[in-house]
Amino acid sequence: MGLKPSCYISGPGEAIINANLMSFERQDAPGNKSDTLKLVICTADIDGVPKADAEIRWFEGYKGKEVDKGLFTITRVIPQLFPPQVTVIATAVPFKISDPTGIKERRSNSWENVSLGSIFRELVTPHGFSPRVDPELEGIEIDHISQTDETDTAFLRRLARKYDAVSKPVDGLYVLARRGKVKTITGQNIPVKTISVPNINTPSEIGFVNAATDNPSKTRFKGVIARWKNVNNGAEEEVRKGSKPFKKLSDVFASQSEANSAAESSLRENDRKGRTLRIDMEGDPFVVAEGLIQLDSTWPEHSQGSYSCDKVISRWSYSSTYRLHVTATIPL
């Protein structure tokens, strides 16, 4: 991009950390996983290390154009004697070691005849989050579901996976959304990023791009069968979505509406995973998980098109360049 890479924190210990930062790795996590940040800091002739539970805000990009990548909580601090350095692990999930709201506690509960959105808000709000629910998921009716010796976050991840959705904290909010819509539901404006192959594309160039696409040749199912128990006559009945060949889900659902939702989610997941892209490229803070990238006409024809970023890992060190590693799939 013709600019000098730049990264820094704001928050406790910012002066020492920013002056002695040796490298970072940030993972803009896929799906239900939490975003993480790893900082390696030189501690030669320095007293004191960052403390667990401290909240820091992370910025990265290029000099004068750094982008706020959100709030992280330090969860692990790993000092090393030689070479003298400390590794700081932080997560976007504000889990405190003291756990004041009990978010890490296992519990059991059950719900009947309730909407997906209602369960989500009931579990998220007591932990201090502001809930955001995708309108597509808000009104899904659940006849019965149980939380069995699970933390609230683990149960919500399991519930989200059932509907091919994402449940995760994002900078003070807790979001339940279809894949590809997490950042949109939070109100963030995410532009589509167009990626071109440089005129001189060799590993020695800073802007070097390398990529691989995967278009599975094996036959994939085009339809889904979900079974449900009819309480009126005790019989198992089927819901079919799509066309042959069908995949049959192993679970037997409590109602026709739940079977419908499960079949639609499974079919959506299959379509989404039909074509994948892995790309290594120059650092760009605007390429984000749940965002879209567009491979333009400078790419081979079989690779061109729009992709939804599932996972973005950014790395920098004082001895190397600022790079991104992106895993993406075709959006729906």
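Two strands pair if DSSP finds at least two bridges between them. I start with that rule, since the sheets come up a lot below.

**Setting up.** I'm looking at a predicted model, where local features need pLDDT of at least 70, side-chain atom pairs count only at pLDDT 80 or more, and totals for chains, interfaces and linings use all residues. Residues are numbered from 1 along each chain as its sequence is written, and side-chain values use heavy atoms, with hydrogens and water left out.

**Overview.** I looked up the helices and strands and found six helices and 20 strands in the chain. They are DSSP runs numbered from the N terminus: helices are H or I with at least four residues, strands are E with at least two. The chain has 332 residues, and 45% of them are buried. Here buried means under 20% relative accessible area, exposed means over 50%, and partly exposed is in between (1.4 Å probe, protein chains only). I also checked contacts, meaning heavy atoms within 4.5 Å. Of the contacts with a separation of 6 or more, 60% are between residues 24 or more positions apart.

**First sheet entry.** I traced an open sheet of three strands, ordered β8-β11-β10, with mixed pairing. Its edge strands are β8 (130-133) and β10 (165-170), each pairing on one side only. Neighbouring strands here are turned by 15° against each other on average, direction ignored. For angles, axes are lines fitted to C-alpha atoms (for helices, over the stretch in contact), and values run from 0 to 180 degrees between N-to-C directions. β8 and β11 (residues 173-178) run parallel and are joined by four bridges. In β11, I found Leu173 as the bridge partner of Ser130.

Which strands does helix α2 touch? Helix α2 (residues 116-124) packs on this sheet against β8, β10 and β11, and its direction makes about 160° with that of β8. Helix α4 packs on the sheet too, touching β10 and β11, at about 145° to the direction of β10.

I noted five bridges between β14 (residues 223-229) and β16, which run parallel. Gly223 has Phe246 as its bridge partner in β16.

Phe246 turned up again in my ring notes: the charged end of Arg240 sits over the Phe246 ring, 5.0 Å from its centre. The test is NZ of Lys or CZ of Arg within 6 Å of the ring centre and within 35 degrees of the ring normal.

**Aromatic pairs.** I searched the whole structure and got seven aromatic pairs. Rings of Phe, Tyr and Trp (its six-membered ring) pair if their centres lie within 6.5 Å; planes under 30 degrees apart count as stacked, over 60 as edge-to-face and the rest as tilted. Trp111 and Phe155 are a stacked pair, 5.4 Å centre to centre with 15° between the planes. Trp111 is in strand β7 (residues 107-115) and Phe155 in helix α4 (residues 152-162), so the pair ties together parts 44 residues apart in sequence. Trp111 is buried at 7% relative accessible area, and Phe155 is buried at 0%. I also found one aromatic cluster formed by Phe24, Trp58, Tyr62 and Tyr322.
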